[in-house]
Amino acid sequence: MGMVTKLSNIHDKITLFVGLTLSLHCRRTTTSIALQSKFQATNNYSTKDIRTICKQGQLKEALDILLNTELRIDSSTYLCLLQECVKKKALSEGKLLHTHITRSGFVPNAYLWNSLLSMYVKCDSLMDASKVFEEMPQRDVFSWTVIIAACARHGFSREALELFYQMQQEGVHPDQFTIPSILTACAQLAYLQQGMEIHEEIIRSGFQSDIVVGNALLDVYGKCRRLEDARNVFDKMPKRNVVSWTAMISGYAQNGYNEKALELFREMQSVGLKPNVNTFTSILPACTNLGALDQGKEIHEEVIRSGFQSNVFVESALVDIYAKCGVLMDARRLFEKMHQRNAVSWTAIIAGYMQNGDADEALKLFEQMPKRDVVSWTVMIAGYAHNRHVDKAMELFREMPEPDVDSWTAMIAGYALNGRNLEALKLFHEMKLSGMRPHSKTFVSILPVCANLAALEQGIEIHDEIIRSGFQSDVFVTNALIDMYAKCGSIEKARKLFNKMHRHTAVSWTVMIAAYAMNGCGKDALTLFEQMQDSGMKPDDVTLVCVLSACCHAGLVDEGRKIFDCMKQCYLITPSMEHYGCMVDLFGRAGYLDEALDFINKMPIKPDATVWGCLLGACRVHNNIELGKQAAGHLFYLTPTSAAPYVLLSNIYAAAGMWDEIEKVRKMMRDRDVKKMPGCSWIEVNKQVHAFLVGDKSHPQTEKIYAELERLSQEMKAAGYVPDMKFVLNDVEIEQKEKMLRFHSEKLAIAFGLINTPPGTTIRVIKNLRVCGDCHSATKFISMIVGREIILRDTKRYHHFKDGHCSCCDYW
């Protein structure tokens with residue numbers, strides 16, 4: 001009888017279990033709950049039963065049984081349930097399970113701890129994952145890798161790096177799975193130094209042959225703009241997959257090496273690898289940047305053959321290339337045919353209209369966007385600024401819900417592009433006060449503003465901030481710093497930065513050569529040019545413009561002629577209008593006016609205003625009236641609304657005392673409604689930029705400034721200074737001419753600097769026009785009287801005045 005009863009119980013158990021399982025499988029919830037109640041009442045079940053139900057995909061039901069039983073649960077059952085939570089991304093159920101583990105008194109082993117951690121990470125609950133990680137009694141390399149990868153994936157890159165260093169301090173060595181995650185964090189932050197240190201760790205650990213590690217390294221070096229290092233890693237990889245090729249192509253494209261990106265794309269295809277979606281979205285922007293519409297169309301055909309034509313990211317990249325290559329009808333047609341549009345698609349077509357000057361249509365599309373993201377706002381801001389509607393750009397910027405660092409940078413760059421440098425500086429400081437941290441592009445945008453204003457104090461302050469932010473190794477930032485120091489007259493600091501660079505790009509060499517050129521150090525510029533060639537770096541057309549300019553300012557006629565004559569043969573560069581202009585300037589400054597005119601007449605291309613302007617400037621220096629009239633005639637035709645040729649011709653007439661001719665020029669200006677730009681000079685004192693116009697009396701310190709100029713005037717005359725009246729374009733009395741010369745804008749700025757800075761401080765002034773001969777002479781005397789260096793920058797070059805002498809040696 002006892003055996004019958006036992007068998008009956010077993011039979012009941014099997015019947016109930018089978019019924020429960022079937023009911024779960026058929027999702028008959030009511031029957032399932034009734035069966036569970038009966039099942040629990042009998043207390044005849046096992047952890048194996050719970051695992052079986054769980055494996056059938058019935059997580060909630062299995063969890064209900066677990067929570068309503070007093071059975072001691074083993075590790076394998078918990079693991080089974082956790083795996084199902086991960087599979088279903090069931091965070092709530094995972095939390096219930098975690099609570100059960102804690103309250104049951106069960107002591108998890110390392111594997112279960114890691115499973116709990118993984119569950120929270122894969123359910124995208126980083127906060128809960130962090131709590132579990134902190135509670136873990138022991139953490140192995142898997143634990144560290146999971147939490148580091150999670151931080152990197154969720155954008156907490158700095159936290160990922162901190163965890164990585166903490167991991168090493170605790171004696172846990174990273175494996176080939178940890179390394180890619182931490183490299184991702186370095187790539188996101190553009191942390192080159194940390195990436196290079198991890199690269200060394202990779203080599204020591206023998207992971208350099210791992211393809212995933214190699215791909216992550218490519219990403220770091222690409223994001224940090226170290227393309228040579230990236231290519232070195234790429235070439236040494238024993239195996240490369242489509243991710244490897246795409247990472248290298250993307251690195252080239254994102255850093256402006258678009259032709260190399262296209263070349264590598266073709267090479268990838270030649271080895272039999274098919275591009276994926278990411279490959280196409282990397283290579284199409286390279287075509288866009290090159291304006292290579294034909295190649296873009298070829299890749300469009302490959303997209304169709306590959307079956308990716310309906311991918312929203314690929315479609316958006318195609319819209320972008322057609323729009324930015326000016327084929328707006330094709331771009332719009334593609335856009336309208338898209339089954340699905342995202343913010344990238346809308347932004348691409350909006351950017352296309354903006355780039356092609358149709359701001360009204362861009363605004364219509366922007367207003368039609370279902371959901372505007374920060375990128376679309378930024379594109380509109382940048383587009384308005386590019387189209388000279390900077391006030392509209394600022395209106396949009398102020399309307400933005402939450403501008404990010406790119407939005408701030410776009411607006412700062414917009415002000416700079418439109419010559420509103422003071423507003424750009426003000427906005428940069430506002431950005432920092434808002435708590436937004438500048439990135440490398442922000443620094444590259446604001447440093448030229450400091451350069452344009454000769455605001456060295458603020459430039460130095462920004463340099464310090466760059467170091468604190470870790471961008472000092474960014475080659476673009478360093479190039480901008482070199483340019484800033486050079487344009488503020490600190491040629492020594494510029495060269496010091498150049499020498500500290502780990503590697504020099506063509507731009508780095510060119511910026512430093514230009515620095516020497518604009519500061520009148522022609523021979524230094526030529527020496528550096530030779531060093532550039534010896535290093536294996538090929539000069540481009542911009543480099544040669546800078547070299548020829550250096551020859552112009554230093555009077556190195558033979559050297560300049562030699563470089564120009566071998567441009568095609570030695571450098572494979574066809575001279576452009578800028579190169580021809582430099583040569584005319586070179587001959588003209590040296591007094592070879594007939595040779596300059598002969599050179600113009602033999603030019604294979606029609607000379608433009610730049611070329612004739614150089615000749616007219618030379619005629620003013622050497623008082624050649626007839627040739628000056630000829631050059632001015634061409635300029636009146638080419639640039640009828642520009643005041644510069646009228647002013648230069650008037651200067652030539654004034655030097656010869658031809659007042660009737662000056663009046664004729666003035667009448668021409670009135671008849672043609674030509675307005676002369678007023679002379680304006682800027683000086684930075686105590687990180688504030690002050691501007692002065694000729695005869696300006698609007699400054700709060702006007703009385704002190706004018707008193708200082710009166711004092712200096714007396715001392716200068718005692719030292720032998722004689723005002724040069726030929727620079728006054730009015731036929732007035734001598735006394736009135738002298739007074740008009742005394743209050744030129746650069747003199748006002750110098751006087752302000754003298755009374756507001758300690759003795760011995762260098763005075764730095766920038767002027768929007770060419771400095772006149774009288775101010776040049778006067779500044780030499782002032783530098784001698786006050787015992788200070790005065791650096792004066794005009795539209796032509798830099799003048800370093802010290803002890804009564806100028807660095808230009810009066811050759812300007």
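Which residue takes a positive phi in the hairpin of E1 and E2? I looked there and found Asn686, with a phi near 55° and two residues between the strands.

**Ground rules.** I am reading a predicted model, where local features need pLDDT of at least 70, side-chain atom pairs count only at pLDDT 80 or more, and totals for chains, interfaces and linings use all residues. Residues are numbered from 1 along each chain as its sequence is written, and side-chain values use heavy atoms, with hydrogens and water left out. Helices (H or I, at least four residues) and strands (E, at least two) are DSSP runs, numbered from the N terminus.

**The sheet.** I traced six strands in an open sheet, ordered E2-E1-E3-E4-E5-E6, with mixed pairing. Two strands pair if DSSP finds at least two bridges between them. Strand E2 (688-693) and strand E6 (805-806) are at the edges with a single partner strand each, so one side of each lacks a neighbour in the sheet.

**Strand E1.** I checked burial next, where buried means under 20% relative accessible area, exposed over 50% and partly exposed in between (1.4 Å probe, protein chains only). Six of the six residues of E1 (residues 680-685) are buried, so the strand is largely enclosed by the rest of the structure. Cys680, Trp682 and Glu684 point one way, while Ser681, Ile683 and Val685 point the other. In a regular strand the side chains alternate between the two faces of the sheet.

I then listed the partners of E1. Six bridges join E1 to E2, and the two run antiparallel. Cys680 stands opposite Leu693 in E2. Three bridges tie E1 to strand E3 (residues 763-767), also antiparallel. There, Ser681 has Lys767 as its bridge partner.

**The E6 end.** I found two bridges between E5 (residues 798-802) and E6, which run antiparallel. Phe801 has Cys806 of E6 as its bridge partner. Helix H45 (residues 773-786) packs on the sheet and touches strand E4 (790-793), E5 and E6. Contact means heavy atoms within 4.5 Å.

**A helix pair.** I moved on to H8 (residues 126-135) and H9 (residues 141-153), which pack at about 155° with axes 11 Å apart. Axes are lines fitted to C-alpha atoms, for helices over the stretch in contact, and angles run from 0 to 180 degrees between N-to-C directions. H8 and H9 are therefore roughly antiparallel (angles over 145 degrees). The contact includes Leu126 and Phe133 of H8, and Trp144 and Ile147 of H9.

Methods: Parallel < 35°, antiparallel > 145°, perpendicular 65-115°, else oblique.
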